[in-house]
Amino acid sequence: MDMKKVSSGKLRAIGYDTATRTLQVEMDSGSVMQYTGVPAENFRRLSSAGSMWSYFRDNIEEEFPARRVE
């Protein structure tokens with residue numbers, strides 16, 4: 001998955017797979033999380049948000065199933 005470097009709150013990189021509707025985020029701690037079932041529109045809004053961290057916390061973090069990626 002292609003990851004785009006970002007710097008917003010604890011987010012350091014984001015990526016999205018349209019085929020599987022999977023959002024992948026890298027945190028400033030180095031941990032990588034994948035969120036499944038995320039619509040492409042949510043990723044588009046995250047990518048263009050004035051505060052990606054706020055959008056992520058409010059609209060993705062608690063709304064979609066997540067798993068840590070090693």
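Predicted model: local features only at pLDDT ≥ 70, side-chain atom pairs only at ≥ 80, totals over all residues.

Residues are numbered from 1 along each chain as its sequence is written, and side-chain values use heavy atoms, with hydrogens and water left out. The protein has two helices and five strands, arranged β-β-β-β-α-α-β from the N terminus on.

**Overall form**

- Helices (H or I, at least four residues) and strands (E, at least two) are DSSP runs, numbered from the N terminus.
- The radius of gyration, taken over C-alpha atoms, is 11 Å, which agrees with the value near 11 Å for a compact globule with 70 residues; the globule rule is 2.2 Å times the number of residues to the power 0.38.
- The C-alpha trace spans about 25 × 25 × 25 Å along its principal axes.
- Of the contacts (heavy atoms within 4.5 Å) with a separation of 6 or more, 37% are between residues 24 or more positions apart.

**Nonpolar core**

- A nonpolar core is a set of buried Ala, Val, Leu, Ile, Met, Phe, Trp, Tyr and Cys residues joined through side-chain atoms within 4.5 Å.
- Buried means under 20% relative accessible area, exposed over 50%, and partly exposed in between (1.4 Å probe, protein chains only); 39% of the 70 residues count as buried.
- The largest nonpolar core has 18 residues, and those with the most contacts inside it are Leu11, Leu23, Val25, Tyr35, Leu46, Phe56 and Ile60.
- Strands S2 (11-17), S3 (22-27) and S4 (32-36) and helices H1 (40-48) and H2 (52-61) each supply at least two residues of this core.
- Helix H2 gives the largest share of this core, five residues.
- Leaving aside neighbours within four places in sequence, Leu46 is in contact with Ile14, Leu23, Met52, Tyr55, Phe56 and Ile60.

**Selected positions**

- Alanine 13 is found in strand S2 and is buried, with a relative accessible area of 1%.
- Beyond its neighbours within four places in sequence, alanine 13 is in contact with Met3, Lys4, Lys5, Val6, Gln24, Val25 and Glu26.
- Threonine 20 lies in the loop between S2 and S3 and is partly exposed, with a relative accessible area of 47%.
- The C-alpha atoms of threonine 20 and proline 39, 19 residues apart along the chain, are separated by 9.7 Å.
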